[in-house]
Structure formats: C-alpha cells, structure tokens
Amino acid sequence: MPAVAVIMGSKSDEPKVRPCVQILEDLGIDCLFCVSSAHRTPERTERIVREAEAAGCRVFICAAGMAAHLAGAVAARTIRPVIGIPITASSLAGMDALFSTVQMPSGFPVATVALDGAGAKNAAWLAAQILAIADDSLAKKLQAKREAMREEVENATLGE
Ligand code: RP5
C-alpha cells in the first residue's frame with residue numbers, strides 16, 4: 001500500500017510536483033498521486049485522507065498555489081506528518097501560497113518546503129527521511145544518495 005500520498009490542488013500543479021513523485025519512485029517508495037482541492041472538492045479531500053490513512057499511508061505531501069489551504073485541510077484531518085509545497089500560480093509569485101502553507105496555527109504543523117520544483121524534490125527527500133526512521137533498507141539508500149551527492153561536488157570539473 002502507498003506509504004506516501006502526494007495530493008495537488010489542481011491538475012495545473014502537476015509539472016511542478018512531478019519531481020517529487022519521481023524521487024519517491026527512484027527510492028522505491030510507493031505513492032498515491034492525485035488531485036484534490038481544499039476548496040473545490042473538500043469532501044473528496046477528506047475521503048482521500050481517511051482512505052489513505054486506513055491503507056497505511058504514513059506521510060502526506062500537499063502541493064497547492066494561491067490561497068493554498070490544501071496542506072492545512074489535510075493536517076486538520078490526520079496526525080500523520082504533512083509536508084506542504086507552495087506553488088507559484090498567481091501574480092503574487094508564490095508568496096500567497098507560501099504564507100498560506102507555512103502559517104499554520106499551533107497544533108496543526110505543516111512542514112513547509114521551498115516553492116515549486118525545488119520544494120517538490122525536498123518534500124520527497126523529507127518524506128523518505130521520515131519513513132527511514134523505521135526502515136533500515138531505506139535509510140541505507142538515503143545514505144548512499146548523500147554519498148553520491150558528496151562525490152559529485154568533490155569531482156565537479158569546471159569550464160566544460
Ligand atoms: C490552487 O489554485 C491550485 O493548487 C493551483 O495551484 C491554483 C490554480 O488552480 P487552477 O485554477 O489552475 O485549477 O488551488
């Protein structure tokens with residue numbers, strides 16, 4: 001069963017969220033990837049959280065732009081960790097989504113990552129690190145990835 005649920009507020013968010021799913025898949029982490037809006041489909045959002053949790057989902061990742069309430073709406077319905085990806089989708093250049101996602105009231109944390117694709121990637125890494133607390137094989141994979149990144153920096157050749 002999917003250990004991670006990645007929910008986007010709109011199909012229009014997909015290109016920016018896709019890197020998150022790609023990293024999860026590369027790490028061998030099964031994930032549910034779907035669209036549900038906090039505003040346009042509140043009942044569907046509630047159902048997805050309830051069913052995913054019942055199926056064993058351990059971490060929720062929520063991506064939304066504009067008045068981005070999706071991560072907060074999910075956090076209101078679960079005590080599993082929720083990671084929020086603010087998406088740039090308006091003339092406010094993502095500041096609207098960033099503040100909506102990060103400024104949660106006490107008791108309902110949303111671990112907010114950077115905007116768009118960069119944040120999407122770190123949402124996947126953070127979810128993997130959470131799962132790795134209870135999964136030695138995943139922890140080893142993450143250590144190996146870090147080692148590869150270290151080598152890439154150390155072996156970088158400039159001017160090509
Ligand atoms: C948010 O509003 C979505 O997450 C999306 O980023 C933004 C615009 O949605 P669409 O009008 O493109 O569906 O809820």
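1. Now for the polar contacts (pairs of N or O atoms within 3.5 Å). A polar side-chain atom of S12 lies 2.7 Å from an oxygen atom of the ligand, and a side-chain N or O atom of R40 is 2.7 Å from a ligand oxygen. G65 takes part through its backbone, with a polar atom 3.1 Å from an oxygen of the ligand. The protein covers 75% of the ligand's own 360 Å² of accessible area (Shrake-Rupley method, 1.4 Å probe).

2. The ligand sits in the largest pocket, with more than half of its atoms within 2 Å of the pocket's grid points. A pocket here is an open set of points on a 1 Å grid over the protein atoms alone, where a 1.4 Å probe fits, with protein on both sides within 12 Å along at least five of seven lines.

3. This pocket has a volume of about 270 Å³, the space filled by probe spheres set on the points. Its lining has 16 residues, and G9, S10, R40, G65 and M66 lie nearest the centre; lining residues have an atom within 4 Å of a point.

4. A word on conventions: residues are numbered from 1 along each chain as its sequence is written, and side-chain values use heavy atoms, leaving out hydrogens and water. As the model is predicted, local features need pLDDT of at least 70 and side-chain atom pairs count only at pLDDT 80 or more, while totals for chains, interfaces and linings use all residues.

Methods:
Polar contact = N/O pair within 3.5 Å; in protein donor to acceptor, adjacent residues only side chain to side chain.
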